[in-house]
Amino acid sequence: MKKNFKFYVDLITYKNNNFENYIYLKGWCFHTFNKTIKLKLKINDKTYNNFKFHNRLDLIDVYPKETNGKNVGFLIKVDDLPNVINTVELWVNSSDESARLVKLGRKDMDSIMQKTTINYCIDSYEEPGPNHPMTTIAGWAYSPYGDLSYEVYDESGNNVEIVLQMSKRKDLVKSEIVPEKKSICGFHIAFKGEENKKYFLFLKVKEELEKIEINNALLSLNANQSLIKAINLTNIKKAIVYTKKHGIKNLLIKVVSKFEAKENNNANDYNEWAKMFDLSKEQLAKQRNTNFELMPTMSLVVATYNTPIRYLKEMIDTVIDQSYSSWELCIADGSTDNQVLDYVNKNYQNETRIKIKKLDKNYGISGNMNAAIDMATGDFIGFYDHDDTLTPDALFEFVKAYNSNPKLEVIYSDEDKIDSESKRRFEPHFKSDFNIDLLCSSNYICHLLFVKSSLIQTVGKFRSEYDGAQDHDFILRCVENLDRDSIYHIPKILYHWRVHQNSTSDNPESKLYAFEAGVKASQDYFDRKGIKAKVEPGPLLGCYRVKYLLENEPKVSILIPNKDHIEDLKRCLTSIYDKTTYNNYEIIIIENNSEDDETFKYYNFLEEKYDNLQIVYWEDEFNYSAINNFGARYAKGEYLLLLNNDTEVINPDWLNEMVGYCSRDDVGIVGARLYYHDDTVQHAGVIIGLGGVAGHCFVNFPRDSYGYFRYLVCARDYSAVTAACLLVKKDVFEKVNGLDEKFKVAFNDIDFCLKVRKLGYLVVYNPYVELYHYESKSRGMENSVEKVIRFNNEIDRFKKKWKDILLNGDPYYNPNLTLAKNDFSLKSREEVLNDREIKKES
């Protein structure tokens, strides 16, 4: 009887060779009434018990009413096997019932037995898409014979260039799936594949080879089998036939599926994802009973103009439903009739917190909003559109933030969009913490924004000459003289921006004047600050480009480490000398133990040809940090440009762009947009925590991509940029004692940026500084045991040194976004649930 058990076996592996003899089963199982269950494995006449369970929080998404995901996953490995296996049965027992999950006979075991010494498992596979230009495959593999090699070939036998990253899999060692000495067995492979073309992963060790076809079938051999059948002999045989046909010996058996329709549909749909954050009645009741030390009155100001009554009602009702009660809603109505006024007076006459004023005419968006501001008496004023809605905890979260720091004067939150029927949420904007360069490039703050009333009295209200971008002009005026610790971002969706036929958000071309006003708003910000800059329209509507106007050209010292590879160096230098319009620079080539005579002949040629170039000689072991610190001693410039020898300048004004941004007092470092040779993105900023430590965002995106909310084409602040092309003020370089020489190879540039940021300087990514970076997509990856050991040591040091930012999160990357991908996509449901578990434990 199986009706009260639900289960799923992910993997069955049977090894029998001179090195290994074991059976391994992986999956999950639980009782629908939460009864305690136990597993037993019976091989021939011998029974194995006492298997431990682990958490599988992903199951909450599938069975939210039946399991909390705790202690339902299993990993079973038995290695004291008989020479001949006649039967294998996996059973589950509760207090009053039992069920057989697996039954295999001798022929079945012989069929799936792996005689090869290459052990592997494919954990994930992802085809390219709009946000993932590369095919990726990840898993683990090892052989007792020695280290494996990894290669990908297409169906014609052509070798395909790959990005290979190896990692330590402590989980497999802990579960005794992999021996300790083979712990560095995890792999992540990415390559640029063509549509409708087959690709194969080759695992090689000595004379042995495993050829694995890369496709979806790796992870869904029996995806349409019903749950009630679970694993049975027929399905096992089907899987065996499949694996024989495709040559896959490491059998993956996924026989459960066909869950209820809702469980299979919209797995990655934001509308479903967002429901995880909807508050229960109990949670909202607790908020209503919360007494803060500071209980400010929160004024929401709205300008209405012929607002449809259904939208008006929703807008007002979401204010009334707030869990924080000290608020007022101030409505200035510029409608052509009294419909809005009459509806509010009739239906909300007993709600004293709602104020409405009928204007004698329509004064435009700025004039109408200013009339609403004049009605407000609150400590903070928030700006609300007449057809949008709030989450019920919106005001509570703002007041909570204010109580955590009473110095706050500007507070903003994340937002998403809702359709005209209020049934679907979509396009969430999970924002950065305060990011002045992004704000000058685009009004990323938008909704929901609250500003302290006293600050508005200082900076003034909305200005009608900026209508269409009046909010952008207003927020720039609010923040321009504030300390950064007076501005706070709440990383939660608290505002729903309605999209319908007449809304600007759905049809930006309908208000082109708004974007012209945005250019003017940003330009005026620089004029008021006394910064010589020219703001121009960017590559997209609502995106602006800032060009800094240099009164002179301070000297830039370009530091280029080099060891042989003179073809790379020639291309780099030729691009600098032939294209650069900036005149005042010197080039310092840091020779690093070259061995080729042609290299030194080329050095002699360079020093004879160019009077602004010199060669300096580093004679110690390779240490990227020490090499650049050594070169910096010879620099005469006010700025240092760290540059890789395998780069090539694209745009002639690249140095003007970098020096322009770096000339600002608040900027310490400027980075560039770098491309691989195939015109895909190699670097567009660094996110701390990505991939576990730090990583480049938007890697492998096409060159003409815009990225998440246009981030690829907007100048913005990041925590770090790559030193493959990095400009820094020389005095700032010296203040932080240059690069940390204990980071010989990895993370030295990230550590350097964080040191500079710790002094209070900004690190800016400038998308208008474009270079090719001809680093091979597989070159320099951690693809050997020795490299991984060294890499892990540097990871450990980085984690200890910068544990706070790794623990608290990158301020320029929203905590609702995943650290498993570089495309600013949402965290998976499992990541969200794991985060909650960690918070509970802490």
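Reply: Gladly! The axes of helix H14 (residues 470-479) and helix H15 (residues 512-529) come within 8 Å and cross at roughly 20°. Helices (H or I, at least four residues) and strands (E, at least two) are DSSP runs, numbered from the N terminus. This is a predicted model, where local features need pLDDT of at least 70, side-chain atom pairs count only at pLDDT 80 or more, and totals for chains, interfaces and linings use all residues. Residues are numbered from 1 along each chain as its sequence is written, and side-chain values use heavy atoms, with hydrogens and water left out.

Me: What makes H14 roughly parallel to H15?

Reply: Axes are lines fitted to C-alpha atoms, for helices over the stretch in contact, and angles run from 0 to 180 degrees between N-to-C directions. Angles under 35 degrees count as roughly parallel, over 145 as roughly antiparallel, 65 to 115 as roughly perpendicular and the rest as oblique. The crossing is at roughly 20°, so H14 is roughly parallel to H15.

Me: Which residues of H14 and H15 make the contact?

Reply: Contact means heavy atoms within 4.5 Å. H14 brings His-472, Asp-473, Leu-476 and Arg-477, while H15 brings Gly-518, Ala-521, Ser-522, Tyr-525 and Arg-528.

Me: Why is the pair Glu-421 and Arg-310 called a salt bridge?

Reply: The term asks for a side-chain nitrogen of Lys or Arg within 4 Å of a carboxyl oxygen of Asp or Glu. In this pair the closest N and O atoms are 3.4 Å apart, so the pair counts as a salt bridge. Glu-421 lies in the loop between strand S23 (410-418) and strand S24 (425-429) and Arg-310 in helix H8 (residues 309-320), so the pair ties together parts that are 111 residues apart in sequence. By this rule, the count comes to 40 salt bridges.

Me: What makes S14 and strand S15 a pair?

Reply: Two strands pair if DSSP finds at least two bridges between them. Seven bridges join S14 to S15 (residues 184-191), so they pair. The two run antiparallel, and Lys-168 stands opposite Ile-184 in S15.

Me: Why do strands S10 and S14 stand at the edges?

Reply: The open sheet of four strands has the order S10-S11-S15-S14, with antiparallel pairing. S10 (119-126) and S14 (162-168) each have a single partner strand, so one side of each is left without a neighbour in the sheet.
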